[in-house]
Amino acid sequence: MTSIQKQKIKNQLLPWLDVIAITAWGILMLKYWFTGKLNLLIHPDYFWLVIVGAIGLLIVGFFKGIQLWQQRRRYEAPNNQQQHINLFPPGWGSALLLTTAILGFIITPRVFASQIALERGVTELLGATRAQPQAFRPTIRPEERSLIDWVRTLNVYPEPDAYTGQKVKVQGFVVHPPELDQNHLLLARFVITCCAADAYPAGLPVQLGENRNEYPPDTWLEVEGQMITEKIANKRQLTIKASFLRKIPQPENPYSY
């Protein structure tokens with residue numbers, strides 16, 4: 001096989017690599033949507049952008065494939081006068097896109113865990129940036145507030161004594177911060193404002209009647225009890241005094257928004 005024939009085959013195959021890479025990314029984005037994994041990566045407000053983008057990629061890949069199929073017998077020798085300077089050799093960019101898409105099919109997105117929460121720092125304050133700020137509802141019954149509802153409530157009025165004695169029933173995953181003693185754990189959830197890259201943990205401490213080793217990190221719990229004020233790490237802090245704890249499965253959508 002001559003060098004011209006090899007170059008001809010290469011020039012015919014490389015455009016198909018572009019089509020495969022574009023189509024693979026479109027399919028991958030739709031797969032995340034259909035399987036419910038998209039909510040682990042992006043805020044629901046932006047789902048439509050991903051879906052529209054995926055459909056757009058599939059359309060581009062389809063018509064590009066038709067064009068290449070119609071031109072499959074045509075070969076034009078490279079024009080040395082029209083060479084372009086590329087950072088990577090031809091086909092490398094498409095190969096990289098295709099490789100990452102294949103990894104996306106193989107590797108399932110994983111929910112952030114307690115170690116990430118410790119690294120990012122669990123807070124009782126919500127970030128100022130929200131895609132759609134939710135209205136504060138002071139009339140909601142305390143026992144009907146979610147964990148993040150309680151955090152939002154503290155954002156509006158941070159005096160913990162104002163909530164002492166109120167009933168609470170919340171769900172979240174367990175974190176064992178080193179500054180808490182063995183009779184306390186932190187109940188937390190990750191909050192997404194845009195995508196998983198900006199997710200941050202928010203939560204409240206829980207006072208136990210037993211050693212926290214009974215509830216390992218990353219265990220999902222439903223906690224019932226009442227609010228008290230405690231001094232934790234030299235700070236007066238609203239704390240859940242647990243009267244009942246129940247291990248629960250990880251929710252289908254573990255993040256809050």
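Biologist: Which residues of H5 are buried?

Modeller: Two terms come before the reading: helices (H or I, at least four residues) and strands (E, at least two) are DSSP runs numbered from the N terminus, and a residue is buried under 20% relative accessible area, exposed over 50% and partly exposed in between, with a 1.4 Å probe and protein chains only. In H5 the buried residues are Leu147, Ile148, Asp149, Trp150, Val151, Arg152, Thr153 and Leu154, which is eight of its 10 residues, leaving the helix mostly covered. Please keep in mind that this is a predicted model, in which local features need pLDDT of at least 70 and side-chain atom pairs count only at pLDDT 80 or more, whereas totals for chains, interfaces and linings use all residues. Residues are numbered from 1 along each chain as its sequence is written, and side-chain values use heavy atoms, with hydrogens and water left out.

Biologist: Against which elements do the buried residues of H5 pack?

Modeller: Packing is read from contacts, meaning heavy atoms within 4.5 Å, and here the buried residues of H5 pack against E1, E2, E3, E4 and E5. For orientation, the protein has five helices and five strands, and from the N terminus on they run α-α-α-α-α-β-β-β-β-β.

Biologist: Which residues touch the most other members of the largest nonpolar core?

Modeller: A nonpolar core is a set of buried Ala, Val, Leu, Ile, Met, Phe, Trp, Tyr and Cys residues joined through side-chain atoms within 4.5 Å. The largest one here has 20 residues, of which Trp150, Val170, Val206, Leu221, Val223, Met227 and Ile240 touch the most other members. At least two of its residues come from each of helix H5 (147-156), strand E1 (167-175), strand E2 (184-191), strand E3 (200-207), strand E4 (220-232) and strand E5 (235-247), with E5 giving the largest share, four residues. A second, separate core has 15 residues, including Leu186, Ile192, Ala199 and Ile232.

Biologist: What does Val170 touch?

Modeller: Leaving aside residues up to four places away in sequence, Val170 touches Arg145, Ser146, Leu147, Trp150, Leu187, Leu221, Glu222, Val223 and Ile240. Two names in that list also meet through a charge and a ring, a case that is counted if NZ of Lys or CZ of Arg is within 6 Å of the ring centre and within 35 degrees of the ring normal: Arg145 lies over the face of Trp150, at 4.5 Å from the ring centre.

Biologist: How many aromatic pairs does a search of the whole structure find?

Modeller: A pair of aromatic rings is described by the distance of the centres and the angle of the planes. Rings of Phe, Tyr and Trp (its six-membered ring) pair if their centres lie within 6.5 Å, and planes under 30 degrees apart count as stacked, over 60 as edge-to-face and the rest as tilted. The search finds eight such pairs. In one of them, the centres of Phe112 and Tyr255 are 6.2 Å apart and the planes stand at 40 degrees, so the pair is tilted. These partners are 143 residues apart, with Phe112 in the loop between helix H3 (92-106) and helix H4 (114-120) and Tyr255 in the segment after E5.

Biologist: Why do the rings of Phe173 and Phe190 count as stacked?

Modeller: The pair is stacked because the planes are at 10 degrees, with the centres 5.7 Å apart. Phe173 belongs to strand E1 and Phe190 to strand E2, 17 residues apart, and both are buried, Phe173 at 3% relative accessible area and Phe190 at 1%. Ring pairs also join Phe112, Phe173, Phe190, Trp220 and Tyr255 into a cluster, and the charged end of Arg120 sits over the ring of Phe112, 4.8 Å from its centre.

Biologist: Is Ala199 buried or exposed?

Modeller: Ala199, in the loop between E2 and E3, counts as buried because its relative accessibility is 3%. Apart from residues up to four places away in sequence, Ala199 touches Phe112, Arg120, Phe190, Val191 and Ile192.

Biologist: Is Ala233 buried or exposed?

Modeller: Ala233 lies in the loop between E4 and E5 and is exposed, at 55% relative accessible area. From Ala233 to Glu179 there are 54 residues in sequence and 6.6 Å in space, C-alpha to C-alpha.
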